[in-house]
Protein chains: 2
Amino acid sequence: MKRWKVKDVLNNGKTGTKILVKGWVRTKRSSKNVNFININDGSTIFSLQIVAETEKFGEQLLKSITTGTSLAVEGILTESQRSGQKVEVDAEKIEILGIADPEKFPIQPKKHTLEFLRENAHLRFRTNTFGAVFRIRNALAFAIHKYFNEKGFYYLHTPIITASDAEGAGQMFRVTVLDPLHPPLKEDGNIDYDKDFFGKPTNLTVSGQLEGELGALALGEIYTFGPTFRAENSNTTRHLAEFWMIEPEMAFYDLNDNMDLAEEFVKYLIAYVLDNCKDDLQFLAERLAQEERNKPKNERSMDLNEKLEFVLNSKFIRITYTQAIDI
Amino acid sequence: MKRWKVKDVLNNGKTGTKILVKGWVRTKRSSKNVNFININDGSTIFSLQIVAETEKFGEQLLKSITTGTSLAVEGILTESQRSGQKVEVDAEKIEILGIADPEKFPIQPKKHTLEFLRENAHLRFRTNTFGAVFRIRNALAFAIHKYFNEKGFYYLHTPIITASDAEGAGQMFRVTVLDPLHPPLKEDGNIDYDKDFFGKPTNLTVSGQLEGELGALALGEIYTFGPTFRAENSNTTRHLAEFWMIEPEMAFYDLNDNMDLAEEFVKYLIAYVLDNCKDDLQFLAERLAQEERNKPKNERSMDLNEKLEFVLNSKFIRITYTQAIDI
């Protein structure tokens, strides 16, 4: 039997259909006779409710179904009493694919702090917040490629290990295979980089710009989208040691063409996520609104969706360098 | 006046239209009264012929237009006498944007060896061969994202700098900010990695698989597509020190599902380039055929397009591990 994704069940499932779904338990509520198990498979932020009669499956099996348990469920789609969802699954067969010890599994159905989730980075994908962030990030990455592809730009993979420091954009990580304790030395006492992997000192790229420019001077319009690195121990939210960067390089563009591109690009991406990530954005908007409520009124930010619509629908004002300095 | 790309001129240009094109000179032929200048802007493998009357532009200007010169040309589209192209540009205005000294510019209108182009890597984008390769690589990269996006996979950017060695897939590059000549030492005489950037020894990833598996166990189906590294001095065509790798990871898939995905994926990519890179593939097919002609008949490979069609239209045979060992 072919597996249905939860997203497809919720969007297109017709009552009366027999289906197979697989996923991880988010929550379970039990009364004496019936158990409500919500499973999620990552395809959407929403979970699918499984209704399992205690008599049919036995207390033993149902007891071992806790948050994080991996399940395969066969059953009939029926009309749901649950608000916001049209269907639920009347379970006929439940197979436990993987258990999750409730004493040890740290992701429980409650709000965890971001700090706690950072400590459990391998599991944080399973929370609504990180699931939403990663689905939106995926949509944005695809939209970036789609935009440039439609414009006739070519995607270049510029080197990550490099001997160039681009424009001196930041401190660099050294990349080496030399023995750290006893590196080979030259007669003058300095490191003998002839013996390193590439025969010279190399580092992680801070920018693909130089190679991008060479590409643009032959292919016309190119972009890079890959990891770049800064060995700056700034520990701020603005600067990660490793981050993905987009660098478009265009031959025959003037400053106005560049500004047109930047504005069109940002708006394209916003329009794309507004169209394709409604549920995840709505979740994050509500989460943000909750946090904002703790702030004084005049410090609260706009609603997330409102903010995105505002950028999308505003014309970007263009000022000269001198005007910018004056501000 | 809005610039036309060469690709759009050749595909959609109507005679009588006044246009502006920009590009780099590929070849120039001159007779006493008229000059034929072919320019390319990377948007297609084909060049656009510019017809410039000597009288109109003067010998001085025309002399400085050599291979590699960057030009902006305004003119009227007229019917071309040249085989294979419908239109050419009857030049009214020529602006030289950048000159290319014919004594020094190494890319000339003749066949260069791949070895020579490797030495001139910053210019090789401008040759037909590398232009074709990069346009096809771009199309394949986009097709990879398009395929997984249509299947509901999420794109994960897994870490490049890592303290894990995945499955021990190969020798690693060390990433460090420690002083190479005088690294900090612990009391026992070993390197004190507490003082390195991340407080522990780190290296470039050989695989995003571990993080991919964690993502799949929450988001369902994920893929990575990013650079990976091997510090193996093998110097073969099979192993680069740095290369981009695709790693799909799927929850709830069995071996047959995996094989279905692999076959469908390969065929999707081939179909995509056959549809979208006809001109570039045709050029490479002819180039390959020329090289094959120097080989004995029984050693010649299939035509490039034929080979791609063959893979696309064949059902992949599936054998067990034991059968594979026996072969």
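Predicted model: local features only at pLDDT ≥ 70, side-chain atom pairs only at ≥ 80, totals over all residues.
**Close-up 1. Tyr155(A) and its opposite number in strand 11.** Tyr155(A) stands across from Tyr223(A), a residue of strand 11 of chain A.

**Close-up 2. The three-stranded sheet of chain A.** Zoom out a bit and you get an open sheet of three strands in chain A, ordered 7-11-12, with mixed pairing. Strand 7 (154-156) and strand 12 (242-250) of chain A are the edge strands, each pairing on one side only. From one strand to the next, the twist averages 25 degrees.

**Close-up 3. Helices against the sheet of chain A.** What lies across strand 7, strand 11 and strand 12 of chain A? That's helix 5 (residues 128-151) of chain A, running at about 155 degrees to strand 11 of chain A. Helix 6 (residues 209-219) of chain A packs on the sheet as well, touching strand 7, strand 11 and strand 12 of chain A. The direction of helix 6 makes about 30 degrees with that of strand 12 of chain A.

**Close-up 4. Strand 9 meets strand 9 across the two chains.** Here strand 9 (residues 174-176) of chain A pairs with strand 9 of chain B, antiparallel, over three bridges. One pairing to pick out: Arg174(A) has Thr176(B) as its bridge partner in strand 9 of chain B.

**Close-up 5. The contact between chain B and chain A.** On the chain B side, 77 residues are in contact with 78 residues of chain A. Together the two chains bury about 6,200 Å², 65% of it on carbon and sulfur atoms. Which residues of chain B lose the most area to chain A? They are His157(B), Arg174(B) and Phe252(B), together accounting for 12% of what that side buries.

Close-up 6. Four salt bridges are counted between chain B and chain A. In one of them, the side chains of Lys5(A) and Glu221(B) come together at 2.2 Å, N to O. Several elements of chain B each supply at least two residues to the side touching chain A, among them strand 2 (18-30), helix 6 (209-219) and strand 12 (242-250). Helix 5 of chain B gives the largest share of that side, 11 residues. By type, the residues on the chain B side split into 42 nonpolar, 20 polar and 15 charged.

Terms used
Residues numbered from 1 in each chain as written. Chains lettered and ligands numbered in written order. Heavy atoms only, no water. Contact = heavy atoms within 4.5 Å. Buried area = accessible area lost by both parts, 1.4 Å probe. Helix = DSSP H or I, 4+ residues; strand = E, 2+ residues; numbered from the N terminus. Nonpolar A, V, L, I, M, F, W, Y, C, P; charged D, E, K, R; others polar. Pairing = 2+ DSSP bridges. Axes fitted to C-alpha atoms, helices over the stretch in contact; angles between N-to-C directions.
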